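Visitor: I'd like to go through this structure with you. Can you put it up first?

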Amino acid sequence: MRNPLMKRLPRELKSEFGKYLVIFLFLIGSIGIISGYLVAGASMTASNDQSKEKYKVEDGNFELYFKGSDKLIEDIENKCDITVYNNYFANEYSSDEDATFRVYKKRTDIDLECLIEGSFPSNENEIAISKTFATNSNNNIAIGDKVDLDGITFEVSGYVSMSDYTTQFENATDMMFDSEKFTASIVTSEGFDRLPEEDIHYSYSYFFNEGALSDEEASKRSEDIAETISKNASMNFNAITSFMPAYANNAIIFAPDDIADDQTLIEILGYIIVILIAFIFGITINTTVTRESKVIGTLRASGYSRAEIIIHYMLCPMIVVTVASIIGNILGYTVFKDFCGSLYYNSYDLPTFKVLWNGTAFIKTTVIPFFICLLINFFTLYRKLKLSPLKFLRKDISTSSKKKAVNLSKKLNIMTRYRIRIILQNMANYITIFAGVLLASIFVVFGLVMEPLMDNYASTVGENMICDYQYILKAPADTSYDKAEKITMSSYKTNFGSKKDEEVLFYGIIDDSLYVDIDTSIKDNEIYISSAISEKYSINIGDNICFKDCYSSDTFEYDVAGIYEYPSICAVFMPQKNLNKIIGEDEDYFTGYLSDKELDDIDSLYISSKIEIDDMTKVSRQLTNSMGGLMKIVAAFGIITYMLVIYLLAKIIIEKNANSISMAKILGYYNDEINKLYIMSTTIVALGSFIIALPITNFAISKIWGLIISDYPGWFRYETPYAYLLLGGAIGIVAYLLIAFLLLKQVKKTPMLNALKAVE
């Protein structure tokens, strides 16, 4: 026999249509975006994993000062049990794009390329470049356009994803990739021969002969390989200038790591949203049970079991959640997966991916949310329905023990006391409003502060640069500029016990330096650290810290003598003679210059790299380009959350107090007077929530920002732009005022008949 209660479902859905529709649309949008992210992310990750074999991605690379002899390369291969391939490149500057092109020959044995659009270069005059670089709004290079590289003209034949440059990192120590001013590119062998010989970097890539290794195994092997290459290069009158295993190469691992990290954050966000919605459903059910207590009492007295009634009242919200989850998943696999994938393809040069069925995403976006809502709603109903049918018939359905009303001062006027009573009686609803406001505030403020954070970073970097130009030399060279200051630079890795070691620049500073103000009379075992290291790793003056050699197992311990204000780069400063002693050179040895102007009299043949303001501000440029649009979406999502949570819960409060509102109308109170009681109570709580949420939001974002930036090289100081915090609060208040207007209508529509029906 069909359950008669099923006939009530259409009426219940219709009576709560507005409430369920808002939740339904919000869930579709949320689950659709989350599903799209998870599906696109998993598909891209699978494609990236397959590409390691398909495109023969290297296990590591190293660079030598000079071209390695056949004997040197053969010795390295035999002693390290690896296969080495030439992977020479040249860095060429294009004044038209104000960018650096890193040019490789098209590879055939290692680090192959995926063609995204157009064609591979087929003659000496053609070049294929990164699509993210070409389509950047500041570049706009179309296929068929010509690019000038230091006077040598090439025609762009196509866009490629280079398997060893899925992210456009120019240097391993860079804090951020730069797809606006740097691109890896390929030409034919004949095209490569057109480039100046002095620009060639003698880079080599290798495979482990035993095949693919885990990161842990590769780490152990890499230390031995780096040490062996360094020793053999020295014995052959050569030197290693860089060594980078694939597991630590940001140009290879940054994009897949970022996708994986985003997956975790998106999942957590999804669960928070679902739990919030589930609690709103729980409060809705609670209100419904209170309103229909006599009906429930009658049903229980008529023989309906507690289980049947629980199932009945759970059906509406569970139908909404289930249908929204299914539609959200369909949209995730169709519309949103392209949108979410495009966010990554706007920043990274990933190989093309094929959408794969993701059972895990389905479980996380449909099955788990279903059970979260099911459990919260079940326990809400189960707790209420433990009462006897008689209590329901008498509308005596409070599950808590009778408590004495809170004594309020008689000095308060009656309207104030009444509002306080309303707040106390609806405390659970108001706590949920605060939780929703806090969550929405984090979204809104995080979306708003990104751009000013970038601007602040750029200005801070400019103000705190050591000097306008830093030159790193391949070999000693003189300059006639009297303010060019000799410096020794070297790189070591942190050995602080963190999950990921970071390469740190060591500066050897001369006495009475014009550019770096440190005490050069400190002891041999003392150093100055940049403020970036201090803040990132919580290291203070007097602490003892350890570093390790990049190419051997040697470690070095130092006491921190001071902290030098250098907020973006992880660097160590010490007297030049001390650093020269560490690297085994004479006191007058140097590797570069600090200068306040460009040094034009040093032959480019001797210059390894030049660091200037553009190199330091690439973080702000890239994050603005890649995340600017996403942050606007995050802010919009926060505003929607503001309105959803406040509207639903404030509406529930009015419905819960419908009888009291109705009685007030019978007693002669006007709608405006009733609004001053009920709407004003919600307004007080909402405004108070916005005020309390702001400092908590600021603290939460600073911690979230610290977690996000901790995996990047260098440091990105979070400094609160208070105007944007206030703007976030103001947006919330405006959103509430729009909701309050709807609530006024709700009070006005409450009929006086309610109170008369409630009379026993």
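Guide: Strand E3 is joined to strand E10 (residues 200-208) by 2 bridges, and the two run antiparallel. Strands here are DSSP runs of E of at least two residues, numbered from the N terminus, while helices are runs of H or I of at least four. Two strands pair if DSSP finds at least two bridges between them.

Visitor: Which residue in E10 is the bridge partner of Ala90?

Guide: Ile200 is the partner of Ala90.

Visitor: Where do these numbers come from?

Guide: This is a predicted model, where local features need pLDDT of at least 70 and side-chain atom pairs count only at pLDDT 80 or more, while totals for chains, interfaces and linings use all residues. Residues are numbered from 1 along each chain as its sequence is written, and side-chain values use heavy atoms, leaving out hydrogens and water.

Visitor: How many bridges join E3 to E4?

Guide: There are 6 between E3 (residues 89-94) and E4 (residues 99-105), which run antiparallel. Phe89 sits opposite Tyr104 of E4.

Visitor: What about the hairpin of E3 and E4?

Guide: It has 4 residues between the strands, and Asp98 takes a positive phi near 50 degrees.

Visitor: New topic. Which elements give two or more residues to the lining of the second largest cavity?

Guide: The lining residues are Ile31, Ile34, Gly270, Tyr271, Val274, Lys364, Thr365 and Pro369. Helices H2 (17-54), H7 (250-291) and H10 (359-384) each give two or more. A cavity is a set of points on a 1 Å grid over the protein atoms alone where a 1.4 Å probe fits but cannot get out, and lining residues have an atom within 4 Å of a point.

Methods. On a 1 Å grid over the protein atoms alone, a cavity is a set of points where a 1.4 Å probe fits but cannot get out, and a pocket is an open set with protein on both sides within 12 Å along at least five of seven lines; lining residues have an atom within 4 Å of a point.
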